[in-house]
Protein chains: 2
Amino acid sequence: MFTPRSPQRLQESLEQIAALLDRHRVLEELAHKQEGPNRELLEVLQHRQNLADLRHRLRGLHPADAAFVLDAVPPEDRLLIWGQLDPATRGDVLLEVSRPVRDALLGATPREELRECLGRLDAEDLAYLSDALDPELRLEVFRGLDEGDLSWVRSSTLYPADTVGHLMVQEYVTAREDQPLAAILESLRGQAGLPRPLDQIYVVDGRNVLRGLLPLEDLLTGDPTAKTGDRMRPHEVFFAPEEKAEPAARAFERYDLVSAPVLDERGKLLGRLTVDAVMDFVREQSQVQALRRAGLAGDEDLYASLWASARNRWFWLALNLVTAFLASRVIGLFEETIAGLLALATLMPIVASIGGNTGNQTVALMIRGLALGQIGAGSRRAILRKELAVALLNGLVWGGVLAFLALLLYRSLSLSLVLSAAVLLNLMVAAAVGVATPLLLQRLGRDPAQGSSVLLTFTTDGMGFFIFLGLAKAFLT
Amino acid sequence: MFTPRSPQRLQESLEQIAALLDRHRVLEELAHKQEGPNRELLEVLQHRQNLADLRHRLRGLHPADAAFVLDAVPPEDRLLIWGQLDPATRGDVLLEVSRPVRDALLGATPREELRECLGRLDAEDLAYLSDALDPELRLEVFRGLDEGDLSWVRSSTLYPADTVGHLMVQEYVTAREDQPLAAILESLRGQAGLPRPLDQIYVVDGRNVLRGLLPLEDLLTGDPTAKTGDRMRPHEVFFAPEEKAEPAARAFERYDLVSAPVLDERGKLLGRLTVDAVMDFVREQSQVQALRRAGLAGDEDLYASLWASARNRWFWLALNLVTAFLASRVIGLFEETIAGLLALATLMPIVASIGGNTGNQTVALMIRGLALGQIGAGSRRAILRKELAVALLNGLVWGGVLAFLALLLYRSLSLSLVLSAAVLLNLMVAAAVGVATPLLLQRLGRDPAQGSSVLLTFTTDGMGFFIFLGLAKAFLT
């Protein structure tokens, strides 16, 4: 089997593979230049040797590492690497690569080869891959499964990707209440491979209803003649397949779980949620959220096609265009005031920019607080009060600094006072909107991160211009 | 012992506790109003009953859940809740609360009580807490440890918080090569509590040098008379204590590890890294990064003090002030041009805003790509080319839309053409800077997320103004 590597050794492998790829490119170019009888045998041999080296390197890799290599190389090298992988491991590699790379590989591999590499995967893995396969291929591959596996695949693919049911696996170990511990140990001894990670055994009745859990350490340390029913513990943490995966992941973190049972509404054991699936989910979620805050679909890849990338950004670009246009109309209202004092046009972006920047700090804190469940109904007002106080304090300090700079530049005390008042007020607007926006998005049933910064910037820009130019109109003209 | 809860039941507990806190506040107010002989016995009793209910609820909670409650309530309720907790569990709760809450609780609890609740913790936990304790208290608490534990605490607190050594634990199970499997099972049977999670046994020689691993499933399924040395597997993944925790966490995700050994440079077993510590680290890292991108120190809390919060935001606020001021000087260069055509002042923020927005999308993708190790030397040019192409495409489309809107508004074809050209060019600047900024920050040895959006916005604002007003000066005046 494949052995995992320490991070340093993986990095070394990656560098060697990159070097072999570079060499491959150079040799390919040489070969193209010397097409025909002139092509030298030595170079052909070198080229062949280089490919063999590459294949050797790749075949020594754990499938997760081969997937890492596929994710890291530019698109034009992907198929070269994919082609050098051992057909027996290609299925496992498909499971590990990122979604866009998987789609690209599936699209570029002949159907016959795909059938072969998918045929080596088990029901769990096929369920995981199933929505990436085209319907015809899916049907062909599923034909190879037995009745039980097929119904598993069908039911687990019915659950949306962010639910427990989608992440759960079918593999677990069960025992009966009346068995002595020794009998469980005996039955394990005969088995070829136990499900991993195995930290507890599920004690079920004849109808597969979960009666309790037997932690593996109790099995190992307990008196072998003791009855399982006397040693089992109640199952306090369990999940329903339709539950959201996010709170389930929180429970794994909070209670340091390694696995937990998934039950239907009558308490029947449906499957198992394991820490490795939860950890992959947590990492993916945090990355998706970071992209969402910037207004990107969570699955955009650095190497996605030009067309897909451009379209992916249109919604937020269009929204930003509309909000920027609206904010600019605010300026339009004051064109006369600006005509009277051109310094206003120069200084107004500062007011808007500082509001946007500090508002985004508040938004970031709110999003984290909401994710951690730290913001109860009682604490909202306290948070708003505090953010307003911070804005007031910072507005006085930095509005003052700015007023001083403007005074040096324009020698107008009244302009400086208007500027510092506008900075102060816009910071307070930013604090209030920064607290309110994520709460509002959440109330609307949306991800509080999604688009919060576009909404915030719209308000701080528009209000920044309005406050500054409005004050200027009132006091300077 | 405490039992963990399903997420729904925890939510219910939280709501009940919030209701009891509200009632507590109302009753307290009543009591204050009727100070003196007028105060009615009934209300005193109600107040007492309410506190007893609260205590009962809190004492039924898992320490991690009690910590969750402490994190979620406003600061003024924290001490009330802390006071109702069972002294025996307060130490465990301290381990689980967030850093600012921990500091607040440590500061507000009498030293005598602290000594008691810390005295119940083991060496691992004390090492974890040690840098939150003041030196005098630390010394007192450590005095209770035996020689071995003390040296453990000393060595593990020497490693920085983002290294493997800081996260590792001391608890593991070892065996010798010449033991038959049955002997290991027998020795486990006598033990009171095994370290959790236990997925493998470390096979060591007489000097505690790691020789191999025995997965627990091999122990359970193997022939009891087989020698451990014949059944053990090589330890391919292991870490050094001074290694960074981030790549170690990646290895846990990639290879679905539950635990891994930590070795010194001679291969001696120092400790163990477990998946629960890794998962906490991953979650914390992703939150710290989200705050950093907004220009906040990673450990700022929603309930931090006013003064701490204000100061925490000063560095980036000051930097933003400087960059906004510099960008505004660009406008100052063109005041004459603006005087000739006031529409320029109205439209210029649109050019800047759209550049900032799309540039931040590129930055978000780059940060994810860097975190995933997807950006090798060979792929940088490909990414830049693609982002420039996306900017070109989007600039043509949305620059065109904007030009059309401006045409309706100002009836000037030349102004519209200048606007659309400026949008197109600024999107390309944003793409280039969005690719370059995270790479540059990384090259400088900094977190590519830290401050990337302030740097980006500075460039897209300044260049946006310069391009738009410069084109206007050249072609419209």
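How many bridges join β1(B) to strand β2 of chain B, and do these strands run parallel or antiparallel? In this predicted model, local features need pLDDT of at least 70 and side-chain atom pairs count only at pLDDT 80 or more, whereas totals for chains, interfaces and linings use all residues. Residues are numbered from 1 along each chain as its sequence is written, chains are lettered from A and ligands numbered from 1 in the order in which they are written, and side-chain values use heavy atoms, with hydrogens and water left out.

Two bridges join β1(B) to strand β2 (residues 200-204) of chain B, and the two run parallel. Strands are DSSP runs of E with at least two residues, and helices are runs of H or I with at least four, both numbered from the N terminus; two strands pair if DSSP finds at least two bridges between them. Across this pairing, B:Thr174 lies opposite B:Tyr202 in β2(B). The open sheet concerned has three strands in the order β1-β2-β3 (chain B), with mixed pairing. Its edges are β1 (174-175) and β3 (210-215) of chain B, each with a single partner strand, so one side of each is left without a neighbour in the sheet.

In chain A, an open sheet of three strands likewise has the order β1-β2-β3, with mixed pairing. There, β1 (174-175) and β3 (210-215) of chain A are the edge strands, each pairing on one side only. Strand β2 (residues 200-204) of chain A is joined to β3(A) by five bridges, and these strands run antiparallel. A:Ile201 stands opposite A:Leu214 in β3(A).

The same surface serves both copies, as 100% of the contact residues of chain B recur in chain A.

At the interface, 130 residues of chain B are in contact (heavy atoms within 4.5 Å) with 131 residues of chain A. The area buried between the chains (accessible area, 1.4 Å probe, lost on being put together and summed over both) is about 12000 Å², and carbon and sulfur atoms give 63% of this area. Twelve salt bridges (a side-chain nitrogen of Lys or Arg within 4 Å of a carboxyl oxygen of Asp or Glu) are counted between chain B and chain A. One of the salt bridges links the side chains of A:Arg283 and B:Glu253 (2.8 Å, N to O). Helix α20 (residues 343-371) of chain B contributes the largest share of the side of chain B that touches chain A, 18 residues.

Key: Buried area = accessible area lost by both parts, 1.4 Å probe.
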